Amino acid sequence: MLAVLTAASGAVPPFQLAAMTFAIGGLLGCASWILRPSGLAALRQPVAVWALGIGGLFGYHALYFTALRLAPPAEAGLLNYLWPLLIVLLSATLPGEAGLRRGHVIGALLGLSGVVALFAGRGDLHFAAGALPGYAASFACAFVWAGYSVLSRRVGAVPTDAVAGFCLATAVLSLLCHLAFERTVWPEGATQWIALVALGLGPVGAAFYLWDIGMKRGDIRLLGVSSYAAPVLSTLILVATGFAAATPALGLACLLIVAGAVVAARAALTPAASGASPAGPPRNPRR
């Protein structure tokens, strides 16, 4: 819903929009502490954890906004969507995981092919040398989000309540960037205000809490591959709401991404090859 709600929110500048929506998203998490005062204790985290959370949320969005300013949106978006593949590949570095299998890599590459088909179908891809700094920023933000996601697994003991603090810190930093680089533009009319609040409650609010839970408790490789559905779902919603037109490339992208998810899911369900029996612990060799 990020794309359609952003389009419906009017001409609010990017950093101002980030400041307002991350403030709403952060307060959304804090609201539950009225009934769960113990949740406030989640903000007491080491500096490294705060650096990871703020670096992931603010760093990603700052780089992405920079990329959109310095490079054409289609090319910047395509490079940015390397992050699901990077999540799948980087997950191999996590200790205690089942490991990276061929099906995960094939599924991720199929998903990436679907995104390439989606963007190429628009017919406006043209990589220009003058936009190289924007491409670099987009490429970097893919690594930032993938790194934030995978490293979240390493700090799995940190409660998801801490994400509220990361969102509020991101809102403050975004506000400072807005005051330094942008002119303030407020939403016009009730529809744009509703879209902005919905952004803060959903794509820039609940989504980050759910993503934190998924990265810490779910199958990180399968989640990485499945994330390639995001640009297709976004485009389908834009088509349904009249903000974009349906194209044959959209259908091809759907097929490739679904195929990639199926391949990755099959890999996730296949028992790992090891000395242990899938039905229980290894047998005692002395018996």
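The accessible surface of the chain amounts to about 14300 Å², and 71% of that area belongs to carbon and sulfur atoms; accessible areas were computed by the Shrake-Rupley method with a 1.4 Å probe, with only the protein chains shown counting as cover for residues. The structure is a predicted model, in which local features need pLDDT of at least 70 and side-chain atom pairs count only at pLDDT 80 or more, whereas totals for chains, interfaces and linings use all residues. Residues are numbered from 1 along each chain as its sequence is written, and side-chain values use heavy atoms, with hydrogens and water left out.

Confidence is expressed as pLDDT, the predictor's confidence in each residue on a scale from 0 to 100. The mean pLDDT of the chain is 84, and 89% of its residues reach 70 or more. Confidence is lowest in helix 4 (residues 73-80), with a mean of 76, and highest in helix 8, with 97. Over residues 273-287 the pLDDT is below 50, and this stretch has three contacts in the model beyond near neighbours in sequence. Where pLDDT is low, the predicted coordinates should not be read in detail.

The chain contains twelve helices and zero strands, where helices (H or I, at least four residues) and strands (E, at least two) are DSSP runs numbered from the N terminus. Of the 287 residues, 44% count as buried; buried denotes under 20% relative accessible area, exposed over 50%, and partly exposed the range in between (1.4 Å probe, protein chains only). With a contact defined as heavy atoms within 4.5 Å, residues 24 or more positions apart account for 87% of the contacts in the chain with a separation of 6 or more.

Helix 5 (residues 83-90) is mostly covered, six of its eight residues being buried. The buried residues of this helix are Trp 83, Pro 84, Leu 85, Leu 86, Ile 87 and Val 88. Val 172 lies in helix 8 (residues 162-181) and counts as partly exposed because its relative accessibility is 48%.

Side chains of opposite charge can pair when their charged atoms come close. Under the criterion of a side-chain nitrogen of Lys or Arg within 4 Å of a carboxyl oxygen of Asp or Glu, the count comes to four salt bridges. One of these joins Arg 36 and Asp 161, whose closest N and O atoms are 2.7 Å apart. This pair links distant parts of the chain, with Arg 36 in the loop between helix 2 (14-31) and helix 3 (47-70) and Asp 161 in the loop between helix 7 and helix 8, 125 residues apart. Arg 36 is partly exposed, with a relative accessible area of 35%, whereas Asp 161 is buried, at 18%.

A salt bridge is also formed by the side chains of Glu 182 and Arg 69, with an N to O distance of 3.1 Å. Here too distant parts of the chain are linked: Glu 182 is in the loop between helix 8 and helix 9 (189-217), and Arg 69 is in helix 3, 113 residues apart. Glu 182 is buried, with a relative accessible area of 13%.

The salt bridge between Lys 216 and Asp 212 (3.1 Å, N to O) lies within helix 9, where the two residues are four apart, about one turn of the helix. An α-helix has 3.6 residues a turn, so residues three or four places apart point the same way. Both partners are buried, Lys 216 with a relative accessible area of 15% and Asp 212 with 3%. Ser 152, located in helix 7 (residues 132-154), touches both of these residues as well as Leu 52 and Met 215, not counting residues up to four places away in sequence. Ser 152 counts as buried because its relative accessibility is 3%.

A search of the whole structure finds zero disulfides, a disulfide being a pair of cysteine sulfur atoms within 2.5 Å. For Cys 30, the nearest cysteine sulfur, that of Cys 167, is 9.0 Å away. Cys 30 is buried, with a relative accessible area of 18%, and Cys 141 likewise counts as buried, at 0% relative accessibility.
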